[in-house]
Each structure stands twice: as C-alpha cells, then as structure tokens.
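Hi,

Here is the structure I promised to pass on. Have a look at it first, and then read my notes below.

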Amino acid sequence: MVQAQQSPNAAARTHAVTEAVNKVRQIEGEHGVTREALERIRTVLIELARHKDLFPESDYPSPSEQERSLMYLLSEDPDHRFALYLSTGVPGRASPPHNHTTWAAIAGIDGEEENRVYERVDDGSVPGKGEIREVRRVVLRAGDGVAFLPNDIHSIHVVSPTPTRHLHMYGMSVEHLPNRIEFDMEAGTCKVFPASRGIRK
Ligand SMILES: [Fe+2]
C-alpha cells in the first residue's frame with residue numbers, strides 16, 4: 001500500500017476534511033438522500049475544494065500515463081460510509097457510463113472533468129441489455145460541482161490538457177459497491193461494474 005506523503009498542512013487538511021464530512025453526515029441524517037439533500041452536500045464539497053492548498057501535488061501526486069487515474073482516500077467512516085476521495089486523472093482518461101448504487105458528489109479543485117449524464121431507455125427486464133441515451137454534459141472546473149442519486153448514470157472524461165484534481169464523495173466506499181452497473185452505449189448492453197481496487201490510503 002502506498003502512503004500519501006504528509007505535508008506541513010496535513011493538520012489543517014484533516015480539520016477541514018473532518019468538518020466537511022461531519023456536515024455531509026448531518027445533511028444526510030436530517031434530509032435523507034434526495035435531490036435537495038444532494039444539493040446541500042454538493043455545496044459542502046465545493047467549499048472544501050476551494051482550499052486547493054490543502055491538496056497539493058506533493059501530497060497527492062498525479063498519475064503516470066500508465067496509471068491513467070488514481071484515487072486517494074481522504075476520509076471514510078468505520079462502517080465504510082461517507083467516503084471522500086481525491087480523484088486525479090490524466091488528459092484523455094475516461095470512465096464508461098455507470099451508476100453508483102449510492103449517492104455521489106463531485107467538486108473540482110483543478111483541471112476539467114467532463115461529466116456526461118445519461119438516462120436509461122430500456123426497462124432493465126432483459127439480463128445484459130442496457131440502453132442509455134445522453135441527456136447533458138457538464139464540465140467541472142475549480143469551484144464547480146455536481147451530485148447524483150444512486151440510480152443516476154454518468155461517465156467522466158478528462159478534457160483539460162493537465163490532470164484533473166477533483167473531490168469525489170460517496171455515501172459508501174467505492175471498495176464496497178459490488179453491484180454498480182456499467183453500460184456500453186453503442187452495444188446497448190450492461191454488466192456489473194466491480195468494486196474499485198487500488199485506492200491509495
Ligand atoms: Fe462515477
């Protein structure tokens with residue numbers, strides 16, 4: 001396991017991260033998982049992402065061309081809930097369209113992460129079939145954010161010439177999401193998107 005380096009501002013980062021996660025936990029507790037609650041969570045994450053100095057390249061290095069993308073764990077509850085990551089990807093890196101089976105929120109620190117949002121067209125009654133169509137695109141730069149309900153479908157695409165550095169937060173650790181679905185839009189198919197591995201802690 002690779003440890004993130006600890007810089008002089010590690011204490012300030014720990015404090016800011018803890019405060020933000022506490023707010024998110026409280027929002028979900030009071031409002032549940034709704035669009036309104038996610039809007040509040042998105043705002044908390046954007047505020048945390050404004051502190052660019054707390055998440056420097058020296059502590060969270062960008063991925064190599066071979067690695068393509070990295071996820072650094074910033075916070076996670078003992079029961080794996082309320083998991084916060086710094087996500088960084090090289091130019092051109094993309095994910096397939098997928099859902100999360102838990103809520104998700106993203107806020108930009110640096111670089112441009114395009115989020116393409118889809119809606120499912122078929123009713124899911126045929127195993128392996130999964131038709132989606134794109135409904136909007138939003139490019140997340142510093143100060144921007146977006147949030148998704150558990151069944152929302154998105155894909156991410158690094159469209160800046162420099163690596164992205166974005167905060168990603170989920171209602172449950174991405175290492176404990178075994179039932180996410182990923183879609184092949186051209187083929188009209190879907191399959192399980194396995195739980196994430198290789199998270200740096
Ligand atoms: Fe995602």
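Let's start with Val-135: leaving aside neighbours within four places in sequence, Val-135 is in contact (heavy atoms within 4.5 Å) with Val-117, Tyr-118 and Glu-119. Before going on, this is a predicted model, where local features need pLDDT of at least 70 and side-chain atom pairs count only at pLDDT 80 or more, while totals for chains, interfaces and linings use all residues. Residues are numbered from 1 along each chain as its sequence is written, and side-chain values use heavy atoms, with hydrogens and water left out.

Val-135 lies in strand S5 (residues 132-140); strands (E, at least two residues) are DSSP runs, numbered from the N terminus. With 40% relative accessibility, Val-135 counts as partly exposed, a label for values between buried (under 20% relative accessible area) and exposed (over 50%), using a 1.4 Å probe and protein chains only.

Now for His-154, which sits in strand S7 (residues 153-158). His-154 is 19 residues from Val-135 in sequence and 9.9 Å away in space, C-alpha to C-alpha. Is His-154 buried or exposed? His-154 is buried, because its relative accessible area is 3%. Not counting residues up to four places away in sequence, His-154 touches several residues, including Pro-96, Ile-106, Val-117, Tyr-118 and Phe-148.

There is also a nonpolar core, meaning a set of buried Ala, Val, Leu, Ile, Met, Phe, Trp, Tyr and Cys residues joined through side-chain atoms within 4.5 Å. The largest one has 31 residues, and Leu-48, Phe-55, Leu-84, Trp-103, Leu-167 and Met-169 touch the most other members.

Cheers

Terms used. Helix = DSSP H or I, 4+ residues; strand = E, 2+ residues; numbered from the N terminus.
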